Amino acid sequence: MKLLISSLEPSANLHLGEILKREKFDIVGIFDEKFGDSLYSSKEFAVMGFLDVLPKIKKAKEAIKKMAELSKNCDKVLLIDGPSFNIPLAKEIKKVNPNIEIIYYILPKVWAWKKGRVKVINELIDKKAYIFPFEKEYWGKTYVGNPLLDEITSFRDNKLYNQVAFLAGSRKSEIKSLMPIFREIAKKIDVKKVLVVPESYKNDMSIYGDISQFKISFDTHETLLKSDFAYICSGTATLEAAIIGTPFVLMYKARQIEYLIAKMFVKLNYVGLANIIFEKEGLEKYHKEYLQEFDIDELIDDYKNTNLEEWLKKSQKLKEILKFGSSENVIKLLKE
């Protein structure tokens, strides 16, 4: 089977990797180059905020046209996350190749904003594969499971390791925003401090600035397993920590204009995925969130006063809610 793939984000490519581990497909499109020759590398489209998107618009329009043409030589289309690109792509594909089946894996977070996308997705997408149980009210019966339960195979024990992890995200703007705060925290805690760096920065870590206080790791899961606490940029890594069972706080800092724009449109009580999942289940907040402003002493107190046993119980409850991994079920949808 030949698939047209659109997988732009680092996390989307992790999830794509789990599919390709389990089933061989002939793939074309946009994805991480480690999976083969791509029309574009996914790294060319990785952006964070509203202002970061602007320089990419011309390239995105060009890519959408080329991808739609490529679909004529494919059996099916697999879109993964990335709605700002993948929804216009689906529209263009349906124009030039209306009979090809489009599967959308990891659907837009319409429960956070842009609920109007529900109608658009239902018109364009043939099979909708969502990854949070509460999304059933928007997408119907196709809960495929959560990809992190495929990717995470080891979980935190109740030992102490005298280690704290720092995860500044994968985008340059995230890293630049959080590293000064991480350095301030690191100065005041007398334990092993491990900075987790994405593989994409392995050959050039200059974006991080002074990292002399930190041991460097390129393995998120292994680092979280051996850490007593973690300071984590908002994003998928917070859910990874929650599933593994590592205590943590979520930290988020954006350009002030972007933060204000986001607050206008996003109507959620929480930013962290574990918090959102727990709230939807009628449970208490999973973890603390710090948005835009940071009190260093308070952040350090969070680490020093953590109760590991309580975190392990919450982690077990979270895994029960998510139930199972998603890769096998996505493969079944592709092969139907």
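Modeller: A residue counts as lining a pocket when one of its atoms comes within 4 Å of a pocket point. In this predicted model, helix 14 gives the most to the lining of the second largest pocket, with three residues.

Colleague: What makes up the rest of the picture for the second largest pocket, and which residues lie nearest its centre?

Modeller: The lining has 13 residues, and Lys288, Asp302, Asn305, Thr306 and Trp311 lie nearest the centre. Strand 11 (248-252) and helix 14 (308-322) each supply at least two residues. The pocket's volume is about 190 Å³, and its lining divides into five nonpolar, four polar and four charged residues.

Colleague: Why are strand 9 and strand 12 said to stand at the edges of the sheet?

Modeller: The open sheet runs 9-8-7-10-11-12, with parallel pairing. Strand 9 (215-217) and strand 12 (288-291) each have a single partner strand, so one side of each has no neighbour in the sheet. From one strand to the next, the twist averages 20 degrees.

Colleague: How do you know that strand 7 and strand 10 pair?

Modeller: Pairing takes at least two bridges; strand 7 (residues 163-167) and strand 10 (residues 229-233) share four, in the parallel sense. Phe166 stands opposite Tyr231 in strand 10.

Colleague: Nice! What makes helix 8 meet helix 13, residue by residue?

Modeller: Contact needs heavy atoms within 4.5 Å, and Ile181, Glu184 and Ile185 in helix 8 meet Ile296, Leu299 and Ile300 in helix 13. By class, that contact has five nonpolar, no polar and one charged residues. The helices pack at an angle of about 60 degrees, with axes 10 Å apart, and their crossing is right-handed.

Notes. Residues numbered from 1 in each chain as written. Predicted model: local features only at pLDDT ≥ 70, side-chain atom pairs only at ≥ 80, totals over all residues. Heavy atoms only, no water. 1 Å grid on protein atoms, 1.4 Å probe; cavity = no way out; pocket = protein on both sides within 12 Å on 5 of 7 lines; lining within 4 Å. Points joined across faces, edges and corners; volume = space filled by probe spheres on them. Nonpolar A, V, L, I, M, F, W, Y, C, P; charged D, E, K, R; others polar. Axes fitted to C-alpha atoms, helices over the stretch in contact; angles between N-to-C directions. Left-handed = near helix turned anticlockwise from the far one by under 90°.
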